[in-house]
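Please read the following note alongside the sequence and the model. The points are numbered so that each can be checked in turn.

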Amino acid sequence: MLRFIVRRLLQAIPTLLILSILVFAWLRALPGGPAGALLGDKATPEKIAELNQILGLDQPIFIQYFKFLGRVLTGDFGNSLISTQPVLSEIGFALPATLELSIAALLLAVGLGIPLGYIAARFRGGFLDNATIMATLVGVAVPVFFLGYLLQFVFAEQLGLFPVGGRQDTLIGATDVTGFAVLDGLLTQEWDASWDAIVHLVLPAAALATIPLAVIVRITRASVLDVLNEDFIRTAQSKGLAGPTIRRRHVLRNALLPVATTIGLQTGLLLGGAVLTERVFNLNGIGSLLAEGIERRDYPRLQALILLGAVVYVLVNMLVDISYGIIDPRVRVR
């Protein structure tokens, strides 16, 4: 398994290298370029040329790229054009909010999606199956931002069961240790603060989890139905194995391979959905940083966030491949 992980990490290097080239080229293809963004309204051809010389942007393109790559490898993404703070500091401050939201949404999607998909397949054609299919269609069709506003209106404003937005009540907030509101409350034994953070996560996590939940339900249902028609299932039944044993050892385990792939892909897509969700619920995470960076052409922030997203995708896909070996021993043999 260690050899497999090392091989996967080595395979990721060309992917990240190609992406760094694309990001580098994209920055210089945008109107005005980095110098124009830095100067803003004061940009003139003379000032842009002068700043390009100061920043080394007048050098040959391959020299600029290797300097850019060297800074990236040392973790130097420069300072934000908006806040003038180091980009990595901004990301470190915002990342816990996005990770907390994404983990909560993923737990909700997986925890409900796999059981619902399995139940729908087991009672194929019945009321539960039809109701699940209809619910998943609605879940995929409804935009995340609209669902977020709808949840706010019903459960926050009308019923008053959950807060409208934010990560925590400012009067209850726990001592900042890791930046993760729920975890900080547990580490400092401030249980009220931890519970308050969980309550604040319910509505945004539900909104963000809707599409992954619907996809996981449909894939699980289809995968279970395929496995139920396999010869080894009929063989197990003919040998007299108990129904629960067949379902647990043979059906569900073999059906989880495509589900694991789906979960991995949806985990990466959660970061994209978090942009809208964080805006609706005022969570100030990576999504908010990305949206502000696009609006105000903050090139250093954008290049760091794009490369961060690529690293996340690579790591998630590696974890999915590792899960294959855990679920199906035949994958480990190959």
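1. Asn 282 is found in the loop between α11 (243-281) and α12; helices here are DSSP runs (H or I, at least four residues), numbered from the N terminus. Its phi is near 55°, a positive value in a residue other than glycine. With a relative accessibility of 48%, Asn 282 counts as partly exposed, the class between buried (under 20% relative accessible area) and exposed (over 50%), for a 1.4 Å probe and protein chains only.

2. A word on the source: this is a predicted model, in which local features need pLDDT of at least 70 and side-chain atom pairs count only at pLDDT 80 or more, while totals for chains, interfaces and linings use all residues. Residues are numbered from 1 along each chain as its sequence is written, and side-chain values use heavy atoms, with hydrogens and water left out.

3. Gln 189 counts as exposed, at 57% relative accessibility.

4. The axes of helix α5 (residues 87-122) and helix α12 (residues 286-295) come within 7 Å and cross at roughly 130°. That angle makes α5 oblique to α12. Angles under 35 degrees count as roughly parallel, over 145 as roughly antiparallel, 65 to 115 as roughly perpendicular and the rest as oblique. The axes are lines fitted to C-alpha atoms, for helices over the stretch in contact, and angles run from 0 to 180 degrees between N-to-C directions.

5. In the contact between these two helices, α5 contributes Glu 90, Ile 91, Ala 94, Leu 95 and Thr 98, and α12 contributes Ile 286, Gly 287 and Leu 289; contact means heavy atoms within 4.5 Å. The contact of α5 with α12 has five nonpolar, two polar and one charged residues. Ala, Val, Leu, Ile, Met, Phe, Trp, Tyr, Cys and Pro count as nonpolar, Asp, Glu, Lys and Arg as charged, and the others, Gly among them, as polar.

6. Helix α6 (residues 127-141) packs against helix α9 (residues 191-228) at an angle of about 140°, with their axes 8 Å apart. These helices, α6 and α9, are therefore oblique to each other.

7. Is Arg 221 buried or exposed? Arg 221, which lies in helix α9, counts as buried at 17% relative accessibility. Leaving aside residues up to four places away in sequence, Arg 221 touches Gly 117, Ala 120, Ala 121, Arg 124, Asp 129 and Ile 133.
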